Amino acid sequence: MSSYNDDTLPLQPPIRLPGKATLAAAVRAAPLAEELKPEGDDAEVLALWAEHCRERLAEDEGLLLELVRLFLSREPLRGETSGTLTGLGLVRGAEPYTLSWLGLWVARQIIAETTGQDIPVMGSLAGADAATLLHGLRSYPESERGEELAGWLKDRDEQAAVDEIASVLAAVSPLSRAVGVELLSAAFGEEGRRALDRLLEEPKLGAVIAARLGREERQPSPEEIAWVLVDMAAALLEFGGETGEVIESIAMGMKAEEQAGTIAILAFGDHPWTGQVLRVFIEHHPDERVAAAARKALRRLRGLADLRG
C-alpha cells in the first residue's frame with residue numbers, strides 16, 4: 001500500500017465512530033463474516049477483520065483507491081459499488097453507497113499507516129495532555145473544536161487548563177501553537193488572555209503570539225524576525241496549504257529583490273522548520289532570484305547547524 005504515502009495530504013477533519021462493541025457487531029453482521037467466521041471478543045474480532053481488510057485491499061489497488069476516495073470526499077459513490085467492499089461491510093449495501101462505520105474505521109487505519117496522518121476521532125482527546133490536544137485539534141472545524149474542547153475541560157479546572165496549554169506553546173508544532181494561541185485568546189476569556197500577556201516577553205514565543213494577535217507594542221527583535229516568519233509559514237505548510245499561500249505569507253507583496261533579502265535572513269534563525277520552508281521557495285517560487293536566495297540560505301543554514309554542533 002506504499003503507493004498511497006503522500007506527505008502533502010492536507011490534514012483531515014475528525015470523524016465520528018461508535019464504540020468497539022458496535023463496530024464488532026458490524027463485523028459479525030457483514031456478508032463475508034459467515035465465510036471468514038471472525039471469533040473472539042470484540043477487540044480480537046476487530047483486529048482480525050482489520051488484518052483481513054488490509055490483505056484484500058492490498059490485492060486490488062483499485063478497491064483501495066475507491067475506499068480512500070470515499071473517505072476523503074465523504075460523498076456517496078457514483079454508480080455501482082464493489083461486492084468486496086460491501087461484503088466486508090465497509091460500504092453500505094444500498095444507495096447512497098457511502099462508507100459504513102466499519103468503512104470509516106478501516107479507512108482511517110489505512111490512511112494512518114500509509115501517510116502517517118492519524119485522523120482524530122471525536123471525543124478521543126478528552127483524556128489527553130495539552131500538547132496532544134493541540135496537535136489533535138489542528139484539523140478541527142470551529143464547531144467540532146468547541147465540542148472537543150468542552151469534553152477535554154469536563155473534569156478539569158479551567159485555570160489549570162489555561163496554565164497547561166500556555167506551558168506547552170513553546171514546545172509544540174507551529175500549527176499546534178497557532179491553535180493554542182487562538183484557544184487562549186478566544187475560548188478562555190480573561191484568564192486565557194492574561195496567560196498570553198504573561199508569555200509576550202518570552203523570546204521567540206512572545207514574538208509569535210504578538211504577531212498572531214496583532215500586538216504592535218511587542219515588536220520582534222532582529223534575532224526573532226526569522227523565527228516568526230518561519231513559524232507563520234510553517235503553520236500553513238503543516239496544515240497542507242497551497243505552496244502559493246506559504247510563499248505569500250513571507251513575500252507579503254514585496255518585489256522579488258526584497259523577497260530575496262528577506263529569505264536570506266531566515267538562515268540565521270534556529271527554527272526547526274526553516275529547512276522545510278526554504279525548500280518550498282526553492283521548488284515552487286516562480287522567480288529564479290528568490291529561489292536562488294533560498295538555495296543559498298539553505299546551504300548557510302546547514303553550515304550554521306554544523307557549527308552549532
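The model is predicted. Ala-30 is a buried residue in the loop between helix 1 and helix 2. A search of the whole structure finds one cavity of 30 Å³ or more, and helix 6 gives the most residues to its lining.

**Ala-30**

- The loop that holds Ala-30 runs between helix 1 (20-29) and helix 2 (33-36).
- Ala-30 has a relative accessible area of 7%, and therefore counts as buried, the limit for that class being under 20%.
- Leaving aside residues up to four places away in sequence, Ala-30 touches Trp-49, Gly-87, Leu-88 and Gly-89.
- Val-280 lies 250 residues from Ala-30 along the chain, and the C-alpha atoms of the two are separated by 46 Å.

**Aromatic rings**

- The count of aromatic pairs comes to zero.
- Phe-71 has Arg-74 over the face of its ring, at 4.6 Å from the ring centre.

**The largest cavity**

- The space in the largest cavity is about 30 Å³.
- Its lining consists of Ala-50, Arg-54, Val-106, Gln-109, Ile-110 and Glu-113.
- Helix 3 (42-59) and helix 6 (101-115) are the elements that give two or more residues to this lining.
- With four residues, helix 6 makes the greatest contribution to the lining of the largest cavity.
- Sorted by class, three of the lining residues are nonpolar, one is polar and two are charged.

Terms used. Residues are numbered from 1 along each chain as its sequence is written. This is a predicted model: local features need pLDDT of at least 70, side-chain atom pairs count only at pLDDT 80 or more; totals for chains, interfaces and linings use all residues. Side-chain values use heavy atoms; hydrogens and water are left out. Buried means under 20% relative accessible area, exposed over 50%, partly exposed in between (1.4 Å probe, protein chains only). Contact means heavy atoms within 4.5 Å. Rings of Phe, Tyr and Trp (its six-membered ring) pair if their centres lie within 6.5 Å; planes under 30 degrees apart count as stacked, over 60 as edge-to-face and the rest as tilted. A charge sits over a ring if NZ of Lys or CZ of Arg is within 6 Å of the ring centre and within 35 degrees of the ring normal. On a 1 Å grid over the protein atoms alone, a cavity is a set of points where a 1.4 Å probe fits but cannot get out, and a pocket is an open set with protein on both sides within 12 Å along at least five of seven lines; lining residues have an atom within 4 Å of a point. Grid points are joined across faces, edges and corners, and a volume is the space filled by probe spheres set on the points. Ala, Val, Leu, Ile, Met, Phe, Trp, Tyr, Cys and Pro count as nonpolar, Asp, Glu, Lys and Arg as charged, and the others, Gly among them, as polar.
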